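Dear colleague,

I am passing on the structure below, and my notes on it follow. Please read them alongside the coordinates and tell me where you would read something otherwise.

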Amino acid sequence: MRQRILPKIPLAWYFEGSQFQLEQKYDRALVCMEKARDGFHEIGETKNEIDAWYQIGNIKIFCYLPKDAMAAYQKASSLAASIHYDRKLMGILREQRKLSEQLGDSKQTLAIEQRMDSLATISNDNQVRFVYYNNLGDIAKEQGNYKLSEKWYRKNSAYISLLGNDYKGADKYLYYSNLRNLFVKTENFDEALRYAILSKDEFQGNTEVSDKNYYMPYMSIADIYRLKGDSIRCFQCLDTLFLSMPRLDEPREIEYLFILRARCLSSFRKYDEALADYRKADDILATKYEETDGDRIRLLPLMGGIEHKLNHHEETERLYKIYAENIKQLYGDNHAEYIDALGYLANAEGFAGHIESACNDYVIAVNKLKRQIQDRLPYLTTAEREGYWSLVSQLLQNMTPFALEAKEYQTAFTSACYDGLVLSKAFLLETERSTFDMIKNKGTDENLRDFTMIAAMQLKIREWEKEGSSRTDSILELTSKVRQLEEKLSDHCRSYGDMTTFMNIGYKEIKEKLNDNDVLIDFTDYVSETRGRVYAAYLVDNKQENPLLQKLFTESKIDSMQVAYPDQYYESPYAESLYQLLWMPFKDKVTVGATVYYVPSQLLFQFALESLPMEDGTLLGEHYHFVRLSSARELVNIDKKLDIDMALANTNAVLYGGLLYDLEANDWEVEAKKYDVSSLLAFRGDILQGDSIPLLPGSKKEVDAIEKIMKSHQLKVESYTGKRGTEESFLNMSGKSPQILHVATHGFFYTPDEAKKIDYLRGYEDAMSLTGLIMSGANVAWRGKELPQGVLGGILTASNIARLDLSNTELTVLSACQSGKGQATPEGLYGLQRAFKKAGVKTMIMSLWNVSDVVGSEFMNQFYENLLDKDNHFDKRKAFEMAKSTIRDKYPEPFYWACFVMLD
């Protein structure tokens, strides 16, 4: 009698497919999982069918078939939702979100995140929340917000503790691994190592010694030692890791060992050995997989990078070319990885001497990147934009150093490079301004309230962060609310119009705005491995077809001057050196009497070109008309005259000065007598000295005099002096700000280390919270005392100002110390300058260092006399230059006059 052979049950197919997955035999794993899926469907085991669909998605990922993977995940998530299989659904959604992010589908990413938010809200399953918090931690890490990321990951600590010490499983391992990877990202290698060991112990506790994967956790430990620069322990871990090799039979598993060792060898400059290991990894894969296999493709840029370090430039170019072609075949020519591949290829072609091909590939990559940015930007929240921009902006920032190396000083490629620079400067600022303008002009009252609420909530989060772990739950709850509000607002904004139109301003549009003989000098910088920070500039006029890229100097040349105080740069012998560095490269290219627009970068934010003395003692500003810009885009809308509407019912000007910083003081005159009003050394700074914030007697006389000048010309003026000049009164101007805003008070800018000495600022780390203005009643908060009920802090930070609507304000005058200082970044200067520009102010007057109270008042009085003189017709720049000249005649030392700058 013939024995009947029973068909294999679906569960058997599932387990067999899982085993093939572990062995990385994905073709056989896929066949098994598809049979398991069909079998589970036939017998109505929906949960198992969902698992099979999910595993099919995972297999498709490893086979580099992302669209097929997404289709499998979508099928799995739909089935899971239909039977309320929440635990599995959250895990599937997390994988979908990661995949849609990689594919650059922002709309789908947003929809998935909203589904996850909704599921987490209604579910009481601890494991659902475990996956959800991990996902939020991942997102925060992608955005560069590492403190927030840690808070989300640690939100799972209670759940992990419930699992007990005897529990050995994937959740605890994942918890440790997430923290390990986060601390690697923040370069806290000791903590990273601690969690790497915990994750190793967790993994090995659930793995038999005989298991072929037993030593795999040593991969991450070796990598951490590599990053610590500890070659001995790094290679000891690698030796332990390689104990696994005799037990491995799948080429992909063996390949990983050689890739890690190659990376470690490269870090310790053993390039020949590293290249040999990369080639060995490829040889291992070649025993089973074709050249078009995804893992083999990923090896190409790794080998190319080592060939570059060995100066084998032709081979580097060959490898990157194959890599780019294969990535294009895998993902298409608009995928982010293909754009990166073109950038790598362009640099390789440049080193190989194939400049024309390199420039062409660079331009193609940048154009594709711009289109990608325009597609993705409307779907991103503020935090997501910052994270996204930090990833993609590197391509734009690398163009200038490439052009200099390639000697592309004035070609079509130079124009493309300059377009990249214009796009990169103040990109995030312009994005937020565009969003606000769209909401203000086309949005509803609810939209405006949401926008204002988001800014207020973000400030509250920053305040809570100072208090440490005691506020963790509040921070996370409010962060979630901010994200949801931003997503809701983004949905509305997309229906109002295009928020990326500012990206259309480039070289052509800027050039057309220049008059004959006008020039624009747009400074830029980059960091060289051998020379440190290097400066260059683009010179633009309306006659040349392309801008001129000018090599300048290294920052070390300025550092070597060892100047103790910034005003010394305008005195001999430093002035001569600065003149040679900053102006001589342009002297023969600019006509005397021309208008020179200039945009600083990095260290150059500290200098005013117009104040540099020439050999005959005259200033550059006496031979040229200088206009300082926050971004070259400002040139498109610049207006040198102040547009004062005398018919306005609203106030034309609001003045702050003569502020009482001590709440207990009642009489301004009594307090003022304690200070030497005549002293030129009474500064609007140095507020760390003494037990209280010093009064500025000159500021009271200043606003009184300015008010008198303005009223004599029929301007409507409101002055805030004494106790009236509070933070609250300033914030209340939002949406109804005057055309002229004048603030005479103390200004401040501190680094995080300096802020540790100040109770009110201790704990803040971002420049926008460490820069600001001192308002009435600030003394209590500044000294860390408890504020009376209902009293605001009196410390007006740049963060506070940035959330206001001051778009009606044509001119803001900051008669305060260090108001022109901040943290320099490729994006621009983070501080009061950025805050007021973000709030919508068109022109600013600021100071670069501590201002004498007396001379500051004289300068400001003279400026307004000039501005309102009928012969000057509200020409703000002429009035500013005249005031500076008057003060220089009276006080020749640069300390008193060179600090003032006007910014458009």
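Gln-562 is exposed, with a relative accessible area of 68%, where exposed means over 50%, buried under 20% and partly exposed in between, computed with a 1.4 Å probe on protein chains only. This is a predicted model, in which local features need pLDDT of at least 70 and side-chain atom pairs count only at pLDDT 80 or more, while totals for chains, interfaces and linings use all residues. Residues are numbered from 1 along each chain as its sequence is written, and side-chain values use heavy atoms, with hydrogens and water left out.

The phi of Gln-562 is positive, near 55 degrees, in a residue other than glycine, and its place is in the loop between α27 and α28; helices (H or I, at least four residues) and strands (E, at least two) are DSSP runs numbered from the N terminus. Pro-573 is found in the loop between α27 (555–559) and α28 (574–582), and the peptide bond that joins Ser-572 to Pro-573 is cis, with omega about 0 degrees. Gln-602, in the loop between β4 and β5, is not a glycine either, yet has a positive phi of about 45 degrees; at 13% relative accessibility, Gln-602 counts as buried.

**Strands**

Strand β4 (residues 595–599) is largely enclosed by the rest of the structure, because five of its five residues are buried. Thr-595, Tyr-597 and Val-599 lie on one side and Val-596 and Tyr-598 on the other, so that both faces are covered. In a regular strand the side chains alternate between the two faces of the sheet. Strand β1 (residues 519–528) runs parallel to β4 and is joined to it by four bridges (two strands pair if DSSP finds at least two bridges between them), with Val-596 as the bridge partner of Val-519. Four bridges also join β4 to strand β5 (residues 625–628), again in parallel, and here Thr-595 stands opposite His-625.

An open sheet of three strands has the order β9-β10-β11, with antiparallel pairing. Because β9 (747–749) and β11 (795–797) stand at the edges with a single partner strand each, one side of each is left without a neighbour in the sheet. Between β9 and β10 (residues 771–774) there are three bridges, and Phe-748 has Gly-772 in β10 as its bridge partner.

**Helices and core**

Helix α36 (residues 832–839) has seven of its eight residues buried, so it is largely enclosed by the rest of the structure; the buried residues include Arg-834, Phe-836 and Lys-837. Gly-840 follows α36 with a positive phi near 110 degrees. Phe-836 is also, with Phe-730 and Phe-863, among the residues with the most contacts inside the largest nonpolar core, which has 283 residues; such a core is a set of buried Ala, Val, Leu, Ile, Met, Phe, Trp, Tyr and Cys residues joined through side-chain atoms within 4.5 Å.

With best wishes
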